[in-house]
Amino acid sequence: MPELLEVPDETVVRQDTGGRYIKRFSRAQRYLHAVLFTTFLGLAATGLPLRFSESIWARGLAGFVGGFGAILFVHKFCAIVLTGAFLVHLKDIFTRAFVHREKGVFWGNTSMVGNWKDVKDLIAHLKYFVGLGRKPHFERYAYWEKFDYWAVFWGMMVIGFSGYAMWFAPFFARFLPGWALNAVLVIHSEEGLLAILFIFSIHFVNTHLRPGSFPMDMVIFTGVESEHEFKHKRPLEFERMLSEGKLDARLGAKPQNWQLNFSRVIGFTAIAIGLILLILTLTAYFG
């Protein structure tokens with residue numbers, strides 16, 4: 001079995017040697033992520049003007065698109081599409097786990113469910129940041145990726161339910177007290193603001209702006225990454241795939257130039273919109 005490659009620091013030397021490429025995400029997963037970040041940007045871009053409706057930029061945007069009613073319409077439309085994508089993802093999880101009996105959906109090396117190794121990796125990473133230890137070796141998903149993943153579930157439960165409770169208030173008023181309907185307004189507003197701040201700061205930095213991925217991690221767009229990058233970023237998964245003889249089954253085609261260029265345009269546009277919304281949020285909130 002080949003020895004694990006040592007990674008001296010957080011910087012991954014990104015090389016295109018013309019070698020092999022490893023599949024990381026399927027086409028369906030990439031499309032679902034595209035729907036997710038597109039609708040989230042739409043919800044953020046329409047929710048913030050509603051949240052800070054007295055701000056100059058919010059009134060200017062409302063006047064440009066035809067009023068706050070138009071903004072609310074787009075907000076609700078994005079909410080419906082995002083809810084549909086979330087339900088599709090849930091169906092995929094339960095189909096894989098209970099119909100196809102796929103192992104590792106809820107536990108193990110390939111699961112998004114946190115485990116004791118994630119705790120140890122977090123502690124080891126903190127020690128590494130201050131020079132008290134070595135960088136931990138990661139499996140298929142690192143602890144921060146799992147945190148990002150479950151943050152979406154939290155948002156869908158809390159922000160989604162409170163949003164639909166406000167939208168269909170007469171229906172929910174049949175079994176919720178009046179104070180609860182007032183509470184969902186506050187919950188939806190503050191949790192939505194928290195989600196925007198998290199995605200446009202923590203998630204963007206962890207995924208795209210950190211050393212080793214800067215200026216952008218292309219794998220969520222192309223679905224593949226070079227073998228060189230794969231075995232540096234996820235040495236435990238690389239070693240496991242080799243030992244199980246499954247690495248060849250994960251081979252994929254090298255991304256074409258038009259795919260990379262298109263992905264860069266989409267990715268940088270999303271990051272730019274996110275950073276602009278983050279700045280507008282901070283200026284409106286503290287102003």
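# Reading the terms for this chain

Mentor: Arginine 101 lies in the loop between H3 and helix H4, which covers residues 116-129, and the model in which we find this loop is a predicted one.

Trainee: Why does arginine 101 count as exposed?

Mentor: Its relative accessibility is 64%, and the word exposed is kept for values over 50%, so arginine 101 counts as exposed.

Trainee: What is said of the phi of arginine 101?

Mentor: Arginine 101 has a positive phi of about 55° although it is not a glycine.

Trainee: Before we go on, how many helices and strands are in the chain, and in what order do the elements run from the N terminus?

Mentor: The chain has 11 helices and 3 strands, and from the N terminus on they follow the order β-α-α-α-α-α-α-α-α-β-α-α-β-α. Its C-alpha trace spans about 65 × 40 × 40 Å along the principal axes, and of the 287 residues in the chain, 39% are buried.

Trainee: Which residues in H3 meet which residues in H5?

Mentor: From H3 come Lys76, Ala79, Ile80, Leu82, Thr83, Phe86, His89, Leu90 and Ile93, and from H5 come Tyr149, Phe153, Met156, Met157, Tyr164 and Trp167. By class, the contact of H3 with H5 has 12 nonpolar, 2 polar and 1 charged residues.

Trainee: How do you know whether H1 and H3 are roughly parallel or roughly antiparallel to each other?

Mentor: The axes of H1 and H3 cross at roughly 150° and come within 8 Å. An angle over 145 degrees counts as roughly antiparallel, and H1 and H3 are therefore roughly antiparallel to each other. H1, too, passes H3 in a left-handed crossing.

Trainee: Which residues make the contact of H1 with H3, and how do they divide by class?

Mentor: Among them are Leu32, Leu36, Leu43 and Leu50 of H1, together with Phe68, Ile71, Val81 and Val88 of H3. The residues of this contact divide into 16 nonpolar, 6 polar and no charged.

Trainee: Which residues have the most contacts inside the largest nonpolar core?

Mentor: That core has 23 residues, and the ones with the most contacts inside it are Leu48, Ile196, Ile199 and Phe200. Two or more residues each are given to this core by helix H1 (27-51), helix H7 (178-209), helix H8 (219-222) and helix H11 (257-286), with the largest share, 6 residues, coming from H7. Isoleucine 199 itself, leaving aside its neighbours within four places in sequence, is in contact with Phe40 and Phe204. There is also a second, separate core of 13 residues, which includes Leu82, Tyr141, Tyr149 and Met156.

Trainee: Why is glycine 192 called buried?

Mentor: Glycine 192, which lies in helix H7, has a relative accessible area of 18%, and since buried means under 20%, glycine 192 is buried. Not counting residues up to four places away in sequence, glycine 192 touches Ile159 and Ile187. The C-alpha atoms of glycine 192 and glycine 163, which are 29 residues apart along the chain, are separated by 9.7 Å.

Trainee: What makes isoleucine 266 count as partly exposed?

Mentor: Isoleucine 266, in helix H11, has a relative accessibility of 31%. Leaving out residues up to four places away in sequence, isoleucine 266 touches Phe37 and Phe221.

Trainee: And why does alanine 151 count as partly exposed?

Mentor: The reasoning runs along the two limits of 20% and 50% once more: alanine 151, placed in helix H5, stands at 28% relative accessibility and therefore counts as partly exposed. Alanine 151 and threonine 38 are 113 residues apart in sequence and, C-alpha to C-alpha, 17 Å apart in space.

Methods. Residues numbered from 1 in each chain as written. Predicted model: local features only at pLDDT ≥ 70, side-chain atom pairs only at ≥ 80, totals over all residues. Heavy atoms only, no water. Contact = heavy atoms within 4.5 Å. Helix = DSSP H or I, 4+ residues; strand = E, 2+ residues; numbered from the N terminus. Nonpolar A, V, L, I, M, F, W, Y, C, P; charged D, E, K, R; others polar. Core = buried A, V, L, I, M, F, W, Y, C linked by side-chain atoms within 4.5 Å. Buried < 20%, exposed > 50% of the residue type's maximum accessible area, 1.4 Å probe, protein only. Axes fitted to C-alpha atoms, helices over the stretch in contact; angles between N-to-C directions. Parallel < 35°, antiparallel > 145°, perpendicular 65-115°, else oblique. Left-handed = near helix turned anticlockwise from the far one by under 90°.
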